[in-house]
Amino acid sequence: GRVVSGDQFISDNEKKHYLINEFDGYCAEMEGAAMAQAAHLNQIPFIILRAISDKADDSAHMDYGEFEAKAVEHSVNLMLALVKRL
């Protein structure tokens, strides 16, 4: 789905639905667009990996430490699978 990027941490359900309705955004993040723009301007290939920590609606079911461990595990597995394809 579409990722929206901006200068705000999205934790409000109303703001979340605004981004969904206005931009068809599946998730939001704050750094990826700047990295993509810098890479594009310098003609450097790039990939951005993000782990979605919550749904911005008070439904998070794990603490950050548990989330971080899972995010690392999934990122490593993805990178190993990508390297195998090279």
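**Asking why: contacts and exposure in a predicted model**

Visitor: Why is E29 called buried?

Guide: The relative accessibility of E29 is 8%. Buried means under 20%, so E29 counts as buried. Do keep in mind that this is a predicted model.

Visitor: How confident is the predictor in the protein chain, going by pLDDT?

Guide: The average pLDDT of the protein chain is 88, and 95% of the residues score at least 70. Among the elements, helix α2 (residues 32-41) has the highest mean, 94, while strand β2 (residues 25-29) has the lowest, 87.

Visitor: Back to E29, then. What makes E29 and R50 a salt bridge?

Guide: The closest N and O atoms of E29 and R50 are 3.4 Å apart. The cut-off is 4 Å between a side-chain nitrogen of Lys or Arg and a carboxyl oxygen of Asp or Glu, so the pair of E29 and R50 qualifies. This pair links distant parts of the chain: E29 is in strand β2 and R50 in the loop between α2 and α3, 21 residues apart.

Visitor: Is R50 buried or exposed, or something in between?

Guide: R50 has a relative accessible area of 48%. Exposed would need over 50% and buried under 20%, so R50 is partly exposed.

Visitor: What makes E31 a salt-bridge partner of R50?

Guide: Here the closest N and O atoms are 3.0 Å apart, which is within the 4 Å cut-off. E31 lies in the loop between β2 and α2 and R50 in the loop between α2 and α3, so this pair ties together parts that are 19 residues apart in sequence. E31 is partly exposed at 41% relative accessible area. Together, E29, E31 and R50 are linked in a network of salt bridges.

Visitor: How many salt bridges does a search of the whole structure find?

Guide: The search finds three. One of them joins the side chains of E73 and K70, at 3.9 Å from N to O, which is still within 4 Å. Both residues lie in helix α3, three residues apart, about one turn of the helix. E73 is partly exposed, with a relative accessible area of 40%, and K70 counts as partly exposed at 40% as well.

Visitor: Now the rings. Why is the pair of Y18 and F23 called edge-to-face?

Guide: Their centres are 6.1 Å apart and their planes stand at 85 degrees. Y18 is partly exposed at 41%, and F23 is partly exposed at 38%.

Visitor: Why is the aromatic pair of Y64 and F67 called tilted?

Guide: The planes of Y64 and F67 are 50 degrees apart, with 5.9 Å centre to centre. Stacked requires under 30 degrees and edge-to-face over 60, so this pair is tilted. Y64 and F67 both lie in helix α3 (residues 64-84), about one turn apart. Y64 counts as exposed at 56%, whereas F67 counts as buried at 14%.

Visitor: What makes up the nonpolar patch on the surface?

Guide: The patch is formed by I47, L49, L78, M79 and L82, with about 410 Å² of accessible area together. Take M79, which lies in helix α3: its relative accessible area is 37%, and patch residues need over 30%.

Definitions and conventions: Residues numbered from 1 in each chain as written. Predicted model: local features only at pLDDT ≥ 70, side-chain atom pairs only at ≥ 80, totals over all residues. Heavy atoms only, no water. pLDDT = per-residue confidence, 0-100. Helix = DSSP H or I, 4+ residues; strand = E, 2+ residues; numbered from the N terminus. Phe/Tyr/Trp six-rings, centres within 6.5 Å; stacked < 30°, edge-to-face > 60°. Buried < 20%, exposed > 50% of the residue type's maximum accessible area, 1.4 Å probe, protein only. Patch = residues over 30% accessible without salt bridge, like charges linked within 9 Å, V, L, I, M, F, W, Y side chains within 5 Å. Areas by Shrake-Rupley, 256 points an atom, 1.4 Å probe, with all protein chains shown as cover.
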